[in-house]
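Dear colleague,

Please find below the structure that I am handing over to you. My notes on the ligand and its surroundings follow.

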Amino acid sequence: MNATFEPRLHRAAPDELAGRVIAITGAGDGIGRAVAVTCAAHGAEVVLLGRTVGKLEKVYDEIVAAGGVAPIIAPLDLEKATAHEYDAIAAAIGTRYGRLDGLLHNASLLGDLSPIEHYDVPLFTRVLHVNVTAAFALTQVLLAQLRASPDASVVFTSSSVGRRGRAYWGAYAVSKFAIEGLSQVLADELAGTTAVRVNAINPGATRTAMRRAAYPAEDPARLAMPADITAAYVFLLGPASKGMTGQSVDAQAPR
Ligand code: NAP
């Protein structure tokens, strides 16, 4: 790979993800939805993980209507999921595909924007659970399927506030720092002995419900649409990033 290459500028071949099985959390809305549709458009078989089944069904319909391979819908509420539910998803993927080639941890909870001094302790715990513990648990339970792939890629979703702390971003920022750490630890553990690579991605400011909640006064017309930022995701989830691990990339040019 060229040292100056930017994943966000990757131009994927039409069939770049053909034959790959890619699971995406939070696939029913926002960035997760756009990445799922884009991966399917490039030939992937996608596993749609999410908590709102109606949203996942719409993504399913969109993919099938566009001629993509029919996805699996896998309902999973990351706040409430039991060990049994995690195991069932791993078993379903194992039975149907025998491997997993890509895993995008995209779902997350914003929590409150408030000073640490006043941050609600139960909410802090919920945000850390959904954004970090659930991503860890899902990765752990799917590792056998990832190891079974000849070229697997795990991608964790970070944020600019997961690289430099910012006042009032509370549990969300802490969780994104933790995600960067989880990504690096796992990358280091799997490097050299497996074909599983692990990287993080910062989507950058994108027009979604979460962004609206965080910046209610912002003009959404200034923001990228989710479908505009998928190039770096396809790069990381597909063969183009083979050999790259332990990195944290940007889906958009820094503003
Ligand atoms: P979004 O449109 O609000 O989507 C968030 C997704 O997470 C939704 O599909 C939501 O499911 C899912 N989710 C939330 N809680 C869940 C739970 N308990 N169990 C399962 N799924 C759950 O937000 P987005 O902007 O696309 O965010 C995607 C990722 O990008 C997040 O990790 C976010 O932190 C990161 N990010 C976004 C921006 C931005 O500007 N948008 C910037 C930096 C980082 P439901 O649809 O069922 O609610």
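Which element contributes the largest share of the shell around the ligand? In this predicted model, that element is α6, with three residues.

The ligand is surrounded by 27 residues, and the closest are T52, K55, N106, Y172 and T208. By class, ten residues of this shell are nonpolar, ten are polar and seven are charged.

- The side chain of D77 places an N or O atom 3.0 Å from a nitrogen atom of the ligand.
- For E79, a backbone N or O atom is 3.5 Å from a nitrogen atom of the ligand.
- A polar backbone atom of M210 lies 3.4 Å from an oxygen atom of the ligand.

On its own, the ligand has 900 Å² of accessible area, of which the protein covers 93%.

The ligand is located in the largest pocket. Two or more residues of the shell around the ligand come from each of α1 (30-41), α5 (170-190) and α6 (209-214).

The volume of the largest pocket is about 1,200 Å³. Its lining comprises 50 residues, of which N106, S108, Y172, T208 and M210 are the closest to the centre. At least two lining residues are supplied by each of α1, β2 (45-50), α5 and α6. Here, too, α6 gives the most, with five residues of the lining. The lining divides into 21 nonpolar, 18 polar and eleven charged residues.

Yours sincerely

Notes: Residues numbered from 1 in each chain as written. Predicted model: local features only at pLDDT ≥ 70, side-chain atom pairs only at ≥ 80, totals over all residues. Heavy atoms only, no water. Near = heavy atom within 4 Å. Polar contact = N/O pair within 3.5 Å; in protein donor to acceptor, adjacent residues only side chain to side chain. Areas by Shrake-Rupley, 256 points an atom, 1.4 Å probe, with all protein chains shown as cover. 1 Å grid on protein atoms, 1.4 Å probe; cavity = no way out; pocket = protein on both sides within 12 Å on 5 of 7 lines; lining within 4 Å. Sits in = over half its atoms within 2 Å of the grid points. Helix = DSSP H or I, 4+ residues; strand = E, 2+ residues; numbered from the N terminus. Nonpolar A, V, L, I, M, F, W, Y, C, P; charged D, E, K, R; others polar. Points joined across faces, edges and corners; volume = space filled by probe spheres on them.
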